[in-house]
Amino acid sequence: MPFITAGDPDLEFTADLLRLFSERGCHLCELGIPYSDPIADGPVIQASYTRALDKKVRLANIFETLGGVTPQLTMPVVTMVSYAIINRRGAERYVDEAQAAGAAGAIVPDLPWDESAGLAKICRQRDFNLIQLVTPTTPRERAIRIAEASTGFLYYVSVTGITGERSTLPPELVDNIAWLREQSSLPICVGFGVSQKEHVKLLAPVADGLIVGSAIVRRVAQASEGNPPRPRHEVLADIGQFVDDMLSALRSV
Amino acid sequence: MPATSQVPDLHGRFGAFGGRYVPETLTYALDQLTAEYEKAKNDPVFQAELENLWKTYVGRPSPLYHARRLSEAMGGAQIYLKREDVNHTGAHKINNTLGQALLTIRMGKRRVIAETGAGQHGVATATACARFGLECVVYMGEEDIRRQKPNVFSMRLLGAEVRPVTSGSRTLRDAINEALRDWMSSVETTHYIIGSVVGPHPFPMMVRDFQSVIGRETIEQSLQTFGRLPNVVVACVGGGSNAAGMFYPFVDHHEVELIGVEAGGRGDKPGDHAASLSFGQPGVLHGSYSYVIQDEDGQTCDVHSMSAGLDYPGVGPEHSYWKETGRVTYTNCADQDAMAAFDTLARYEGILPALESSHAVAQAIKIARDLPKDQIVVVCLSGRGDKDAFEVARLKGVDLG
């Protein structure tokens with residue numbers, strides 16, 4: 001399950017990437033709505049948000065592009081979005097617009113379970129998924145309640161930290177996911193730090209989905225950074241190859 | 001509904017404002033902090049230790065000083081200055097950092113991170129960490145490092161590591177983002193000493209409580225000095241910690257008028273000021289729901305103030321609550337008017353105020369002129385201006401070589 005930033009470096013490229021992920025057989029795509037002050041994100045995704053916002057990408061343009069491309073996709077798309085953006089748009093309007101554009105749900109990394117009741121109700125009424133997050137610092141009793149509140153799937157954050165590629169993942173990760181699996185019937189998807197084939201082999205037996213963000217976004221950056229930037233078809237081919245490698249690692253488990 | 005001092009509720013809500021909009025990773029640390037703070041608040045040993053530090057290390061109580069020459073020159077109300085500038089480290093920030101440093105130790109943590117704008121909070125945090133032998137990392141925007149060189153040097157002398165922040169506007173807002181990101185990875189061993197009444201619950205409440213010593217002393221000193229409470233109390237508002245500390249003990253004294261002064265910058269166009277209560281609207285930033293300057297998509301806007309400590313697009317949630325309930329009147333003061341007040345206070349009273357505090361002084365001068373001579377206006381002089389020497393010289397076109 002790839003993560004990319006909407007509008008990095010522009011929405012046309014975002015649409016190309018969504019089609020590519022769908023064609024290669026990805027199971028879901030997380031579309032990051034760029035935000036000026038992301039506190040859960042490491043340098044790679046921050047830089048990606050900044051590139052998109054520097055080009056003045058607007059929420060309305062993102063939904064317009066998404067609405068144009070989702071009918072061609074075989075995988076669902078969920079938006080990864082700050083509550084600052086949802087709150088400003090108005091929660092009902094945000095969900096309505098996202099749904100009209102074909103999005104299946106939202107992950108709101110800065111809206112912990114305790115604050116999510118209002119948005120959760122709006123999402124439930126519209127059959128729009130609100131994916132909740134459990135982290136290594138979440139006490140177990142709380143994790144159970146978060147799992148009960150989540151819809152679509154449950155997002156397990158693999159590390160205590162921000163997004164970004166890691167060479168190794170915490171040793172207790174597999175056990176923690178296995179424990180969580182016994183508490184919830186929802187699919188469990190794991191993200192933050194997942195970037196290598198070894199991670200896929202480690203986590204595939206216990207997780208239902210693996211979210212890969214920075215490792216892809218770093219490749220997307222080549223389309224706009226450097227002098228001159230790499231031609232777009234080459235960047236697409238590079239990302240396609242990376243996705244193929246990760247998917248084949250997944251299938252070989 | 002009128003404002004009450006019985007806020008926030010258990011969820012950190014000041015009316016509609018406040019709350020906790022942060023990643024799940026931080027929830028556990030915030031719960032731990034809330035619990036530890038509640039215990040400490042009711043622990044006489046903790047309170048005695050903090051009060052002893054305030055007295056013997058900070059130099060509290062800070063004086064309530066009658067600015068006689070200034071009052072006479074303005075020809076109106078009597079202006080009194082609550083002298084937070086004479087505190088150790090030169091500002092009110094130390095009141096809070098000592099309290100949070102004690103909490104850090106109670107929680108068994110040995111590493112502290114902080115953000116700083118003007119550098120006052122960074123220095124106050126570095127100082128408290130040196131005093132208690134804690135490791136200290138301060139995040140500071142590159143633009144602010146340029147504007148506040150003396151404070152950067154002080155922090156390093158005190159043994160803190162100053163990490164330049166190069167993202168976004170390279171000011172206070174980005175320094176907070178970077179400190180929160182550090183905390184996301186280090187939360188199990190590190191305490192984040194936030195410097196203002198902003199951020200997720202319990203920070204706005206806790207920082208307000210630590211700073212409330214300012215208002216409590218002012219009430220006591222007013223009763224001793226002139227036998228009644230002041231008519232008007234004025235404080236500058238960036239994130240709003242000196243104002244919250246000054247105002248909070250006055251909230252239930254309805255006869256006292258409270259005025260918060262934001263940074264009016266160069267004008268009222270977006271990007272020219274940092275006055276979120278004057279020109280912004282309710283939204284989410286840095287973990288709480290409060291007034292914020294953001295665009296129609298919810299992206300935080302760049303702001304401007306000549307004073308690094310006020311150069312922030314948000315404000316503490318309790319200020320939003322006081323604005324909505326009408327308990328506090330918020331106004332703003334332009335860069336040039338604050339600079340004029342800086343000069344005026346220097347010439348009439350021999351006090352160089354911080355550029356932040358100069359905003360409050362400007363407003364006090366403005367209103368004192370039109371009030372009778374038996375009225376009393378208290379200004380929170382939140383910090384001293386030494387740190388601004390280079391920036392004031394630059395703004396005045398003076399080459400210090």
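In this predicted model, the largest nonpolar core holds 193 residues. Within this core, A:F21, A:Y155 and B:W322 touch the most other members. Helix α11 of chain A (residues 232-251) supplies the largest share, eight residues. A second core is separate and has 37 residues, among them B:V261, B:V303, B:A368 and B:L381. In soluble globular proteins, nonpolar side chains tend to be buried together.

B:H319 sits in helix α13 of chain B, which spans residues 317-325. B:H319 counts as buried because its relative accessibility is 0%.

| Residue | Contacts beyond four places in sequence |
|---|---|
| B:H319 | B:V197, B:V237, B:G239, B:G240, B:A243, B:A244, B:F247, B:L277, B:Y330 |
| B:W322 | B:A3, B:A244, B:F247, B:Y248, B:V251, B:R327, B:V328, B:Y330 |

Next comes a pair of helices in chain B. Helix α14 covers residues 335-349 and helix α15 covers residues 355-369. Their axes come within 7 Å and cross at roughly 85°. From α14(B), the contact uses B:D337, B:A338, B:M339, B:A341, B:F342, B:T344 and B:L345. From α15(B), B:L355, B:S358, B:H359, B:V361, B:A362 and B:I365 take part. Nine of the contact residues are nonpolar, three are polar and one is charged.

Methods: Residues numbered from 1 in each chain as written. Chains lettered and ligands numbered in written order. Predicted model: local features only at pLDDT ≥ 70, side-chain atom pairs only at ≥ 80, totals over all residues. Heavy atoms only, no water. Axes fitted to C-alpha atoms, helices over the stretch in contact; angles between N-to-C directions. Helix = DSSP H or I, 4+ residues; strand = E, 2+ residues; numbered from the N terminus. Contact = heavy atoms within 4.5 Å. Nonpolar A, V, L, I, M, F, W, Y, C, P; charged D, E, K, R; others polar. Buried < 20%, exposed > 50% of the residue type's maximum accessible area, 1.4 Å probe, protein only. Core = buried A, V, L, I, M, F, W, Y, C linked by side-chain atoms within 4.5 Å.
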